[in-house]
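Open the model in your viewer and show it as a cartoon. The tour below says what to select at each stop and what is there.

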Amino acid sequence: MKQTLKKILYTVRPYSLPEVFNFKIGYNFHTEMVYDDAIYAKLLSFCGQYLQITGKQAICTLMTGNSPKVAAGMKAFKCPDQKLSDRYHELSTVATLGYHGHFYLNPLHWQRYETEIRSNNFSKANLKEQFDNDLGWLKNYGINHNGLYAGGWWFMNQHLLALLIDAGFKFDFSFSKSVYFRNQFSHQLMVRNYIKTGQNFEIQIPGKGKIVEIQNLIGAPSSPLFPDYTRNLLKILDKEQTNVTGVINSHDYDLNQANTLKLFERFSKMKQISFFDAEDLLTNSFNANNRVVQIPATAFKGPAMNY
Ligand SMILES: [Zn+2]
């Protein structure tokens, strides 16, 4: 019934993308449940088909076997670390891997909502320890994160940016103009620096280095109706930023394979849309003229930041 009503609505109001906009679109999976045979098979199949349609690789930012949440899933599905690692290596033949961090105030109590580090409930010591352990797991299993990061629960702040830059990360997909994909830090940084939807920007920390931000535009569709997607995209577009670069995201576990592939088939026939992947980013083909945002040294001072 709802679908029928929507179809009627969309014949009256099709929510077309104005021709003035040019889009460069990529895909970012928050990859969390590869230990589950069915989810992994679907992810692998999707990435192969996505590559055929777009000519580009999806970016799969991964959670490691060090995460308490992933470790519990691995135990339940009888998937040891080596098997998870083997699957990540296999996935890297059709997608580009990166790192997806979820952090806890106390990893032992990971099932309790209040221990999830999402915004202001933050501890620098816990963040660093879990970040280092995750990178250690990737290194131990020979998995290259390719300098690509996406934040779990959209957690971001200056300390995580500093850790990422120190560890050699080059690109981050944790910022968005969509209300669903941000925390207070990333939202305020974008507002204060007049960052518009789809505008790449470079965050610099004096004395440390820089990382480039490629925004998350919107989630992958669960609906087969194309205007369901464009309607949501139109909500965040800014007519002053007509070159729109960004990723569409989903988890591996909530991917609607058929509808998402259908969306990309439709995109591939539209003149105003082209695709990019990690190789395009890492080979510097469109990184010129990024807006520069500096995090001042004062952002790292104060007693609250030292625990
Ligand atoms: Zn996640």
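This is a predicted model: local features need pLDDT of at least 70, side-chain atom pairs count only at pLDDT 80 or more; totals for chains, interfaces and linings use all residues.

Residues are numbered from 1 along each chain as its sequence is written.

**Whole chain.** Colour by secondary structure to see 10 helices and 11 strands; helices (H or I, at least four residues) and strands (E, at least two) are DSSP runs, numbered from the N terminus. The radius of gyration of the chain is 19 Å, close to the 19 Å that the globule rule gives for 307 residues, so the chain is as compact as a globular protein of that length. That radius is taken over C-alpha atoms, and the rule is 2.2 Å times the number of residues to the power 0.38. Along the principal axes, the C-alpha atoms fill a box of roughly 55 × 45 × 40 Å. Of the 307 residues, 38% are buried. A residue is buried if 20 or more other C-beta atoms lie within 10 Å of its own, exposed if 12 or fewer, and partly exposed in between, with C-beta atoms placed from the backbone.

**Helices 5 and 6.** Select residues 124–140 and 158–166: helix 5 and helix 6 pack at an angle of about 30°, with their axes 11 Å apart. The two helices are therefore roughly parallel to each other (angles under 35 degrees count as such). Now show K124, L127, K128 and F131 of helix 5 with H159, L160 and L163 of helix 6, which make the contact (C-beta atoms, placed from the backbone, within 7 Å).

**Helix 7.** Select residues 184–192. Which residues of helix 7 are buried? They are F185, S186, L189 and M190. These cover an arc of only 125° around the axis, which puts them on the same side of helix 7; the arc is that of the directions from the helix axis to the C-beta atoms. On the other side, Q184, Q188, V191 and R192 are exposed. Just after the helix, Y194 takes a positive phi of about 55°.

**K69.** Finish in helix 3 (residues 68–76), where K69 is found. K69 counts as partly exposed, with 17 C-beta neighbours inside 10 Å. Leaving aside neighbours within four places in sequence, K69 is in contact with H102 and W110.

How values were computed: Axes are lines fitted to C-alpha atoms, for helices over the stretch in contact, and angles run from 0 to 180 degrees between N-to-C directions. Angles under 35 degrees count as roughly parallel, over 145 as roughly antiparallel, 65 to 115 as roughly perpendicular and the rest as oblique. Two residues are in contact if their C-beta atoms, placed from the backbone, lie within 7 Å.
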